[in-house]
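Hi,

Here is the structure I promised to pass on.

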Amino acid sequence: MSHLWKSIIRHKRSVMFEVWLPDVADYTGRFVVVFELHAHIAPRERGLQSEMIDKVNSGYAVAGGDSGHRASENNDGAGEPGVRISYMHDADQVNTWIHKSIAYFTPAARSLIEAFYRQKTKRSYYISCSTGGAQGFALAQFHPELFDGIVAGCPGNWYSHLALSFLWNSQQTQGLSFLPQETLDLITRTALSECDTLDGVEDGVIENPLICDFDIASLECSSSTNSPTCLTQAQIAAAKKIYAGPRSATTNTSLYPGFSVGSEIEWMYQEATLADAFAVPILQNMVFDNLTYDADTFNWGTDVDALDEKVGTYIDEISPDLSAFKAAGGKMLVLQSWADPYNAATWPIQHLGQLEQFFAGDVGDWFRLFMVPGGRHCGAATNYPQVPAKWHSLESLVQWIETAEVPTEMLSSDPTNESLSKKTRKLCPWPKTAKYLGGDSNDWTSFECGV
């Protein structure tokens with residue numbers, strides 16, 4: 001395997017990237033760009049190497065990099081209250097981060113590949129998750145001819161309001177409203193006992209939370225004292241606010257979706273950690289330019305407009321007008337986990353509805369959303385170890401583009417529970433979900449996709 005490194009400069013900013021090349025005999029002619037949650041970290045850090053190695057071993061020429069700013073110059077890549085995050089004070093770097101960085105280095109990476117193999121690349125793909133999923137939407141919206149196909153997993157493409165949701169959920173769960181892990185466990189266990197078998201099999205996961213009629217009020221304590229077996233009124237009120245999601249204090253309209261039944265067991269990060277890591281730094285560095293700004297004073301009416309103007313303009317990718325991407329022949333697969341502890345799972349469903357409204361009908365000939373029951377953010381959920389955690393999305397995308405076979409189902413495999421290592425699961429294009437047909441429930445062929 002050969003290894004090349006190059007830097008490309010745009011708007012006086014550098015975007016560092018690496019290109020990894022398989023042996024000539026193993027090269028398939030396919031080029032893939034990979035990113036991940038920590039895309040602003042140099043590509044040698046945070047596990048991006050393993051993603052690149054996996055693709056190189058499958059015959060892809062692979063490129064990956066940062067997003068135009070170094071972790072070493074930005075609090076080691078971590079957000080934190082009261083800390084200056086340098087790139088957030090530079091509009092050029094912020095706009096490069098999600099909207100432009102991949103478009104800057106991809107042509108150069110492709111040129112290196114074509115020079116090495118002395119042939120044109122046959123197909124170009126992009127696959128990533130989280131912020132990388134947002135970058136996938138940015139590619140479709142702003143750079144529609146750059147890739148033949150895009151996989152966007154657990155996308156944070158409404159990033160500004162995703163960050164707001166972290167602040168909202170943290171504010172709802174302070175003091176007596178706090179939901180300890182044992183309480184979160186109780187809520188999910190109770191929901192599972194009511195809705196696990198709706199898909200025809202008891203497997204410790206809810207296939208479609210939207211049809212689960214679980215009512216958290218059924219867990220209310222008879223007294224005001226917290227207990228491992230019930231919730232106080234304050235805790236129930238807090239949970240309901242998380243289910244509902246943040247709302248405008250001015251218009252009472254939704255600012256971002258809430259969380260789904262069955263995800264509660266993964267909520268702990270929502271109760272403070274994510275607000276401090278994402279929402280507060282964005283407000284202090286970008287919206288108010290004041291490192292002593294108290295996020296508890298955030299006005300859920302007027303301050304939202306300031307956030308949209310100063311942040312959303314640069315880091316959101318939510319336009320339903322992907323006409324140019326469709327016209328270029330692009331295909332897009334989106335995956336979202338139901339038990340994602342960061343993203344509200346129904347946002348991609350809402351965005352799909354916006355696309356269908358814009359295009360006046362079904363968009364399944366070029367855009368498909370796959371929901372992942374029991375999945376976490378971009379992979380395995382700790383509390384759902386029996387759920388297959390590897391989503392075979394790139395294989396499905398390649399087949400779709402290169403053979404015109406529309407992905408009517410998707411394989412997922414490799415759960416973290418070693419005793420179930422051979423278990424597979426069927427993922428379905430929304431609004432279809434997997435229905436159990438009978439037979440071995442650990443075999444994905446025992447299910448079919450239906451409404």
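Tyr293 is buried, its relative accessible area being 12%, while Phe288 has 28% relative accessibility and therefore counts as partly exposed. Please keep in mind that this is a predicted model. The two residues form a ring pair: the centres of Phe288 and Tyr293 are 4.1 Å apart and the planes meet at 20°, so the pair is stacked, the limit for that being under 30 degrees.

Another aromatic pair, Phe359 with Trp366, is edge-to-face, with 5.2 Å from centre to centre and 70° between the planes. Trp366 is buried, at a relative accessible area of 2%. Both residues belong to one aromatic cluster, together with Phe137, Phe325, Phe358 and Phe367. The count of aromatic pairs comes to 23.

Now to the nonpolar cores. The largest one has 41 residues, and Val33, Phe105, Met332 and Phe367 touch the most other members. Helix H2 (residues 91–117) gives this core its largest share, 8 residues. Apart from it lies another core of 35 residues, including Trp158, Ala191, Ile242 and Val261.

Phe367 turns up both in the aromatic cluster and among those core residues that touch the most other members. What is Phe367 in contact with, leaving aside its neighbours within four places in sequence? The partners are Phe137, Met332, Val334, Leu352, Leu355 and Trp400.

One last item for your list: the charged end of Lys426 sits over the ring of Trp444, at 5.2 Å from the ring's centre.

Best wishes

Note on methods: Residues are numbered from 1 along each chain as its sequence is written. This is a predicted model: local features need pLDDT of at least 70, side-chain atom pairs count only at pLDDT 80 or more; totals for chains, interfaces and linings use all residues. Side-chain values use heavy atoms; hydrogens and water are left out. A nonpolar core is a set of buried Ala, Val, Leu, Ile, Met, Phe, Trp, Tyr and Cys residues joined through side-chain atoms within 4.5 Å. Buried means under 20% relative accessible area, exposed over 50%, partly exposed in between (1.4 Å probe, protein chains only). Helices (H or I, at least four residues) and strands (E, at least two) are DSSP runs, numbered from the N terminus. Contact means heavy atoms within 4.5 Å. Rings of Phe, Tyr and Trp (its six-membered ring) pair if their centres lie within 6.5 Å; planes under 30 degrees apart count as stacked, over 60 as edge-to-face and the rest as tilted. A charge sits over a ring if NZ of Lys or CZ of Arg is within 6 Å of the ring centre and within 35 degrees of the ring normal.
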